[in-house]
Amino acid sequence: MEARRFRFYLLVILLIIAIVRYYLWLPQNEPRQVIYYNGQKLDFKALVVDDPKYNIDSGKLVVQPENLKGKVLVTTELYPRYYYGDLLQISCRLVAPKAKEGFAYDKYLAKSDIYSICYQPKINIVARGQGSSIKQAIFAFKQKAIRVIDRQLPSPTSALLTAIIFGDTGKIPAALADNFSRTGTTHIMAVSGMNITLLVAIMLNFLVAVGLRRKTAYYFIVVFLSTFVFLIGAPASAVRALIMGILWLTAAQIGRINNSGWALTLAGAVMLALNPMLLFYDAGFQLSFLSMWGLGKFGDLVNRFLEKAKIPSAFAIRESLASTIAAQIGTLPLMVYSFHSISIISLLVNVLVLPVIPVVMITGLILVTLGLAIKVSLIFLSWFVYLFLYYMVGIINFFGKVDFAALNINIGLWSVVVYYLLLLVALYWKKVILCYQRLKK
């Protein structure tokens with residue numbers, strides 16, 4: 001009882017901190033804030049504070065202006081290239097981000113403290129190497145790793161492996177990206193909590209299925225995921241995903257996955273205390289939280305149902321299907337509400353694709369490591385990785401072209417609320433029935 005009371009008070013304190021930080025986080029329209037200069041031309045010095053993103057026709061820099069609060073997203077040409085830690089002299093007209101095509105782009109940027117966008121800037125490099133030496137080394141490693149992937153694999157498989165490992169989707173062809181969306185598998189190309197949680201569940205079941213002791217598999221996955229997130233630069237989204245993934249894995253390890261609600265809620269409260277914008281402005285955080293909740297509350301139930309339905313367990317097929325269904329139970333209405341569409345074939349495609357993700361990630365990282373260590377063509381390993389990536393691209397493109405793959409649906413916020421209330425009622429009555437059955441015995 002005392003432990004439960006302590007956890008309750010801790011949760012309340014963290015939520016209060018989150019609320020206070022939310023109001024302190026909101027920018028004020030005053031001269032010391034970048035947002036004050038939206039709609040004006042501004043000359044300023046700024047430091048590149050994140051790894052620049054380049055796609056096929058442009059680049060994006062996140063910069064922190066000197067002596068101003070808030071960041072600016074700068075859109076540049078492909079060349080010259082800029083890097084993390086560059087100090088730049090920038091001249092451009094700042095504009096406020098706006099929602100576009102149903103996507104709350106302004107809110108998406110706000111969670112990263114970005115309230116201004118700069119198009120067609122004039123840029124001069126003042127100095128290089130002005131950022132953290134550790135982050136600079138990590139980002140340099142990341143760029144070398146991406147060049148290894150491009151050298152060892154043809155497009156679009158190289159672009160897909162880069163997206164899976166580093167979350168960089170800039171080189172994904174538009175047609176393939178659209179098919180990922182239509183098949184409900186976009187999460188594969190992001191280092192998100194939903195992706196990491198599913199990956200953890202599938203890796204755990206797969207490693208146990210091939211004979212590894214559960215405790216050994218637990219430590220292997222924790223070390224693997226921690227190293228992986230560090231090597232890709234430890235972006236905030238990946239760190240959050242790592243915390244949630246390890247939390248779910250720990251709950252499974254100690255056999256209390258159905259009672260992990262408090263731990264999950266406390267973890268979410270801590271994250272909100274650090275960045276309160278996540279709750280309202282970050283669909284990735286929301287989906288990560290709900291996918292873990294779905295896995296914890298419905299994973300075993302769905303697995304038992306599939307077992308009765310005689311779904312085979314070879315190669316962790318049944319476990320992968322159960323994890324996918326449970327995660328989608330937790331996230332389905334929010335995904336429809338956020339993205340205004342639902343993939344009819346998402347479940348089938350995820351079952352076909354998700355089991356190969358651990359293989360692709362592990363062999364892909366081995367390919368990158370060897371490619372950095374020995375400057376030779378790794379043809380046999382490259383072909384092995386390529387076959388799995390080619391399989392994924394083929395599945396996504398095949399099902400993405402199906403006419404009824406996705407339906408455009410608009411639902412209101414109240415529909416989402418009612419759905420989750422019904423789930424909570426169902427879980428409550430499940431507990432009541434279980435208690436009644438035990439008392440009857």
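## Pocket lining, helix packing and local backbone

Q: Which helix gives the most to the lining of the second largest pocket?
A: The model is predicted, with pLDDT of at least 70 needed for local features and 80 or more for side-chain atom pairs, whereas totals for chains, interfaces and linings use all residues. Residues are numbered from 1 along each chain as its sequence is written, and side-chain values use heavy atoms, leaving out hydrogens and water. Helices (DSSP runs of H or I, at least four residues) and strands (E, at least two) are numbered from the N terminus. Strand 2 (53-54) and helix 3 (133-152) each supply at least two lining residues, and the greatest contribution, 7 residues, comes from helix 3.

Q: About how much space lies in the second largest pocket?
A: A pocket is an open set of points on a 1 Å grid over the protein atoms alone, where a 1.4 Å probe fits and protein lies on both sides within 12 Å along at least five of seven lines. Grid points are joined across faces, edges and corners, and the volume is the space filled by probe spheres set on the points. For the second largest pocket this comes to about 510 Å³.

Q: How many charged residues are there in the lining of the second largest pocket?
A: The lining, meaning residues with an atom within 4 Å of a point, has 24 members, of which Tyr54, Arg81, Tyr83, Gln143 and Arg147 lie nearest the pocket centre. Ala, Val, Leu, Ile, Met, Phe, Trp, Tyr, Cys and Pro count as nonpolar, Asp, Glu, Lys and Arg as charged, and the others, Gly among them, as polar. By this scheme the lining holds 10 nonpolar and 5 polar residues, while the number charged is 9.

Q: How are helix 3 and helix 4 oriented to each other?
A: Their axes, which are lines fitted to C-alpha atoms over the stretch in contact, with angles from 0 to 180 degrees between N-to-C directions, come within 9 Å and cross at roughly 150 degrees, helix 4 spanning residues 157-166. Angles under 35 degrees count as roughly parallel, over 145 as roughly antiparallel, 65 to 115 as roughly perpendicular and the rest as oblique. Helix 3 and helix 4 are therefore roughly antiparallel.

Q: At roughly what angle do the axes of helix 5 and helix 15 cross?
A: Leu176, Asn179, Phe180 and Arg182 of helix 5 are in contact (heavy atoms within 4.5 Å) with Val393, Ile396, Asn397 and Gly400 of helix 15. The axes of helix 5 (residues 174-182) and helix 15 (residues 379-400) come within 8 Å, crossing at roughly 75 degrees. That makes the two helices roughly perpendicular, at roughly 75 degrees.

Q: How many charged residues has the contact of helix 14 with helix 15?
A: The axes of helix 14 (residues 357-373) and helix 15 come within 10 Å and cross at roughly 145 degrees. Residues making the contact include Ile357, Leu367 and Leu370 of helix 14 and Phe384, Phe388 and Met392 of helix 15. By class there are 12 nonpolar and 3 polar residues, and the charged count is no residues.

Q: Which proline is joined to Ser155 by a cis peptide bond?
A: Most peptide bonds are trans. A cis bond joins Tyr79 and Pro80, with omega about 0 degrees, and Pro80 is found in the loop between strand 4 (71-76) and strand 5 (87-95). The other bond described here, from Ser155, has omega near 5 degrees, and in the loop between helix 3 and helix 4 its partner is Pro156.
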